[in-house]
Amino acid sequence: MKKSSLLLLVLSLVIVLAGCNVTTKDDAQQNQQEPSDTAADTSAVNIELLGMSSGESDINIIRDQLTKNGFNVKLNLQPDYGSYKAQQDAGNYDVALSSWTTVTGNPDYAVRSLFKTGGDYSIMSDEEVDKLIDQAATQTPEDAAETYKQLEQRLVTDKAYIAPLYISLKSQAFNKDVLDENSVRLSKSRSLPWEAVDFKDQSKRASQPLILSQSISELTSLDPIKGNDGSINIINTNMNVRLINLTDDDKITSEGSLSYNHAIGEGNSEYYFILRDDINFAKITNKKAEDSGERVGADDVIFSMNRAKDKNSVPDHRTYTLHEHINTVEAVTDMSVLENTKVSGSGDSVKNALEAGLDTKITSLVNDKNQASTKDGKYQVIKLTTTEPFPQVLNYLAHQSAGIVSKKQVESINTYDVEKFDVNKDIPYGDQNTVTEGDKYNNTLYASGPYILSSKTDYEATFFKNPGYMKGTEHEPKIEQVKMRFIKDADSTLSALRSGEIHLYYGVPETKYDVVKGDSKLKLQTIESNAVSYLLFNTKNRDVATSDDLRRAVLYSINQDEILTYYNNNKIKAYSTVSPIVKTGNELVADPAKVKEFLSAYKASK
Amino acid sequence: MIKKLLSKQETKHQLKSSHEYSQASFTWVISLTLTVILLLNSFDFTGGTIKPWVFTAFAVYALFTIIQIIITLLIRRDLRSQGEIRRSTRILGYIQLLSIVTGNLFTVTFGFNLIKKQKPPEYTIAVYMLLTQLFVIAVSALNLFKPYVSNTFLPAMATLLIMAIIQLVALILVARYVKTNYAHPRMIWLAFPIILTAVTGNIFALVLGINLLAKIRKNGNPAMTRWGDVWVKLTANQTAMSGLFFVVFLFCLSVSSLFTFDYSIAIDNNYSAILQPPSLAYPFGTDNFGRDLFSRIVFGARISLIVGFASTAIPVIIGGVLGAISGYYGRHTDNIIMRLLDVLYAIPGILLAIAIIAAFGANTVNLILALSVGAIPTYARTMRANVLLVSTFEYVDAARAFGSSNFSIIFKHIVPNSLAPMIVKSTLTIGAAVISTSSLSYLGLGVEPHIPEWGNILKIGSTYLETHSYLAIYPGLAIIALVLSFNFLGDGLRDALDPKLD
């Protein structure tokens, strides 16, 4: 016991000695900042932050930054998108953590439906913003950059309708022991083209399936115009061919699309496409893919474009706003139209532009798709006009919702009356129940793309190669069969990839990059994406709706450097949703002094 | 003479019946396990180097483990040759007291046990009281390595130290003046300050004070009270005492941390210290937001304990009352209450909790309610069974014959005599409640994600299992240790409270 008392004495001595040098919290903070000289109102301002559990890290960073800047943050965390959206619609928030991905890769789409009065997703109305959006849409990219800069100035700097957070990277990891590294592409906007993917050991093309994964197993609809979300974007992109494609860095190209070439007519409101003759629709018989013998031609294109822009063509049309600029779509049969129209910005005729690089020049234009023959010079040409000069329409045509479907097949399935559509009775084209194994299984899909969905369960979906897709060209699908595993959880997906159960994992979370890099058989690809995360302010019934000062106080509380540090620099700074597409040079710099200023202005105005 | 008569059989019995010997064996096994764990950790297998700090700790542990093994062998020899432990062997216990520097609870308590031949329960409680205080002080003192400490750190530490000194004095006095059946009357002046030191959450101090007062009151009377009897049995059970120690230690730490730990270190993000490995400033490392994991676990203990206790206490009371009523009145009352509870019982507990939280939102109060509701039927059943048994006893009939009211019969005669199984059951289920709390937080249904709670901390850790495994290991160990402690304590209480084992 003497020893233990001795021990205690030593211990207390240590602590007393240490006590002389201990810095308390107050000491530490006094060293850091001068005590404020004004007796201003320092009470915390309440703010409610809405988000989903999946964005927990972002929420925590924002909560921390706002708290440190004198806000009292109340969290409203919802487990899934449905409940999040319900809370948002009910207006139970001051700021909501939101994100936007410009899938078409053009700046107009990044702002129009979000910020324009009456836009699909817009909750705000500002004349100046509307004017700038419309102005930028008609301008050439160089001029538009300046306009978008002004738009950002108004949208973020002056009015703070949103507070930008970051641009995400798009990432995918794949098993390089199984897949050929050079065949796996990662594009900024476009989904992975499955037809290009090849095995390292090419002899396995016929015997082994390519195994991919996806988190959502409920497919919205396999009719391209009826969905625009993560559950079907990749699938529909690969099931339906389009008039045009995007390159990996979001440039317009005819490469791998239904058209050999395209041309923009003078005045920027006429667009011409010369069609291929080597794509047939595939159909499913006895769960195997077979060539339906029906060619993808001009009538299908016209049908698909017209239904895409028409709100009333199907019930639950989810993408018509993307195509609202389309005016008319028609097949050109009169050669003189092509000869007499000049290409925008050059003296060349559209005919020459469309013929560029083709082995046989256009000898005649045919109306019947079955008569078209590339080697004989008999072509089909589509002319599309827009409601106003709008070159960015091409980006929308590259979107999966502009996928070409079979006129004959869709018309034979969608026999219901759109106005009286009854979910319980009528089965629309592309309904996921028709491809789900079970008693409702009745696969009526006609796929114009490289692959066709044969059947799906809750566990996986099976696709087969379209036997009539660009046969003999470099775009002919390499691998016979594609399987898509539905794995909900990111950790499980990564485990599946590492164990070899799946070959490719699209959308690896930043926190797992190190794990992927540390695994010798995996390869990680990343590219700057068009996805921007930002804080959206409520525009109704809350103080943030009326007070610019309060919104700007939140804006200047956001420190993007800290967010980048948290994500190990796997995010990029953003200023608005156009940041990934147009480099405007604006940058958000956190400024606690400004926050204080705006907050006191807000408190004074109350 | 006697020595010669001892047969081999009797020697075996001697070894078995010696508390010191069984504790010595238990201690060296545990101590060796800890030593091996430290040895394994001291090697950096990837680099092939030795971590000097961990290796030093290993060396010290190994030293005390060797001493422990020697003492064990000596005790064995003593018991065989003389039938009791020699004085010279007991003195070796003082060496083991030194192992308090290493934080090895097992060797220290063994040392305290060995140096004293006659051990009234007060002595053991006093030892644990002092150890708890010293452990809390040591853990709090780790904050000195942080860039800054909380404003109340210095006065709080001083208070804790003064309390520790009072408790040390108390331990010495108790060792001197308290015998199995007798306590010096002047000890009453010690009892009150000791009870006062319990404000830090040191339950041992409270128990010691009460025990002393009780002992002084009935000085010389050899009759045992139930309370006293329980403590005699409990203090003799080392696993139960180490369980109780950990629970009290955490409780005491939770209370003291209000003053000695800075909450902002556990809550505020620090982007310059993201995912740091364990160091002196961050004993358990930092998480993905640069928050100190050690502070978070300390603050997390508070929520785990509050939720654990509250969500056990509520069903014990509600279930207990319902069970007592239905057991005592029987017939229709019984049928109605029990069938209704059966309905509740049919719903899986965790599912019910998830439903309640999904409906009413995630916060601590709802969490407690959600976990409580599902547990009511089991307590009601336990209570009902006990009441059915106890109400057939003669003293109940006697009370009835005297004309006592039903109310007073239930709550004066029946309930107090049916409590033992309820206490045991609740101790065992607190552990389950702690796990449920953590599971719900892990699923994102508990408290807000930035609030330190063990399940929340573990959830972050689970995403870094491969790259920064300490983020999951430490909160995981904390949960395991707390649940295990409650289970050990529950087992010990069952043994102590079960009249059949008398």
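Guide: The accessible surface of chain A comes to about 25700 Å², with 46% of it belonging to carbon and sulfur atoms; such areas come from the Shrake-Rupley method with a 1.4 Å probe. This is a predicted model, in which local features need pLDDT of at least 70 and side-chain atom pairs count only at pLDDT 80 or more, while totals for chains, interfaces and linings use all residues. Residues are numbered from 1 along each chain as its sequence is written, chains are lettered from A in the order in which they are written, and side-chain values use heavy atoms, without hydrogens and water.

Visitor: What makes B:Phe246 and B:Phe249 a stacked or a tilted pair?

Guide: Their ring centres lie 6.3 Å apart with planes at 45°, so the pair is tilted.

Visitor: How do you know whether B:Phe249 is buried or exposed?

Guide: Buried means under 20% relative accessible area, exposed over 50%, and partly exposed in between (1.4 Å probe, protein chains only). B:Phe249 has 9% relative accessibility, so this residue counts as buried. B:Phe246 has 21% and is therefore partly exposed.

Visitor: Which residues do ring pairs link into a cluster?

Guide: The cluster consists of B:Tyr128, B:Phe135, B:Phe204, B:Phe245, B:Phe246 and B:Phe249.

How values were computed
Phe/Tyr/Trp six-rings, centres within 6.5 Å; stacked < 30°, edge-to-face > 60°.
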